Amino acid sequence: MDLFLDYSDKQIGEKSVAISGSKSESNRLLILQQFFPNLTLENVSNSDDSKYLTAALASTNELVDISHAGTAMRFLTAYFSAKEGREVVLTGSERMQNRPIKILVDALRTLGADIAYEAKEGYPPLRIKGKKLSARSVQINGNVSSQYISALLLIAPSLKDGLEIELLGEITSRPYLEMTLSLLKDLGVSTFFDKNRITIQPKKFINDATIVVESDWSSASYFYSLVALAKIGAVVKLSSYRRESLQGDSSLATIYKSLGVETIYDKHSIVLTKTHEPTTQNLTLDLVSAPDIAQTIAVSCFGLGIACDLTGLHTLKIKETDRLVALDNELSKLGADIMVTNKSLHLKPSTTINTNCKIPTYHDHRMAMAFAPLAMKVPITIEDADVVTKSFTSFWQDFEYCFQ
């Protein structure tokens, strides 16, 4: 479905939007719930990723297909490896079969996992024969996707002796590791993280517990962008959020203040208000701890006519698409003066935006949502707009509601 958007003559009134639970928190907790079945979850993400993960965990079939759900692929690779007596072939979409998994597989094999590649070495599909993992320690690079490391952390309490992970080199996406560890602590699991070493103690049982998943900050980013590109006075209220968040993307509140958006915490909601024009002409950020908001920020800066230099983006090369290349392609089409490397994006100030451009989404939900707010400036068309269901099922309804 292609979607034509034109809100260039519209202003946003005061609107309230309820956003589904964090995909990152939900997916971690769904795995932990398998080990601790008396854990009750509320406000679980309604994203495609979480739905695929839930279905995979409930499936009794040998073939488990998680489509585009990258988090599910990583977490389930570890989970099924530790699931004694269960044999599965874990696969996904064509794009998923070209996303690397070797680093995680190697780490799991060190622990004793029985995993074989069904096709191309280093990539899904994987044949996994679940067994008792006996090793006590493992090494893994710290500068790879944090989901590889979190996948190991999530199965660690179920192992007989727990697990010690040594992270080699620089540690990136640390907030996502802290999120996983915090959720483990909430369930009474003993954890220790010092310098480059993480230790998780074994735990077999917990008392009955209920966790309410905080809404997704990555999803909030598109409304931050919308308010930033609107006229002064625009207000959008989002729920349910908390000031002390586990999500690295909560840095949005600080980042967007320099782009004219004030954030007020009101009980379990945040109120975004366009109070002033941007206070910077060149936004410089290291997003190594929050790479998922890079697309949103780049589009916001382009729409506001200010420069940005974004670094720490090396993990964007292995997402649903190569997000840096995709941003280069589409922002250039719109008239941007942009340069990308394998780990950074550099945008010069712009004075014009080309109108009526078609923006392909590259099977990437974040491309669709990141570019949507530009409709405040010029008419654009988002191709394959339904891709947003991967993480934000009601995005287009909520986006449209802001203008009613």
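This is a predicted model: local features need pLDDT of at least 70, side-chain atom pairs count only at pLDDT 80 or more; totals for chains, interfaces and linings use all residues.

Begin by selecting helix α2, residues 48–58, together with helix α3, residues 70–81, whose axes come within 9 Å of each other and cross at roughly 25°. Because angles under 35 degrees count as roughly parallel, α2 and α3 are described as roughly parallel to each other, and their crossing is right-handed.

Now show the side chains where the two helices meet: on the α2 side these are D49, L53, A56 and L57, and on the α3 side G70, T71, A72, L76, Y79 and F80. Sorted by class, this contact of α2 with α3 has seven nonpolar residues, two polar residues and one charged residue.

Next, move to strand β5, residues 87–91, and select T91, which has its place there. Is T91 buried or exposed? T91 has a relative accessibility of 9%, and it counts as buried because the cut-off for that class is under 20%. If you then display Q97 as well, you will find a polar contact of 3.4 Å joining its side chain to that of T91. Leaving aside neighbours within four places in sequence, the residues in contact with T91 include the run L63, V64, D65, I66 and S67, and also M73, Q97 and P125.

For the last stop, select helix α5, residues 146–155, where ten of the ten residues are buried, so that the helix is largely enclosed by the rest of the structure.

Key: Residues are numbered from 1 along each chain as its sequence is written. Side-chain values use heavy atoms; hydrogens and water are left out. Axes are lines fitted to C-alpha atoms, for helices over the stretch in contact, and angles run from 0 to 180 degrees between N-to-C directions. Helices (H or I, at least four residues) and strands (E, at least two) are DSSP runs, numbered from the N terminus. Angles under 35 degrees count as roughly parallel, over 145 as roughly antiparallel, 65 to 115 as roughly perpendicular and the rest as oblique. A crossing is left-handed if the near helix is turned anticlockwise from the far one by less than a right angle, and right-handed if clockwise. Contact means heavy atoms within 4.5 Å. Ala, Val, Leu, Ile, Met, Phe, Trp, Tyr, Cys and Pro count as nonpolar, Asp, Glu, Lys and Arg as charged, and the others, Gly among them, as polar. Buried means under 20% relative accessible area, exposed over 50%, partly exposed in between (1.4 Å probe, protein chains only). A polar contact is a pair of N or O atoms within 3.5 Å; within protein, one must be able to donate a hydrogen and the other to accept it, and residues adjacent in sequence count only if both atoms are side-chain atoms.
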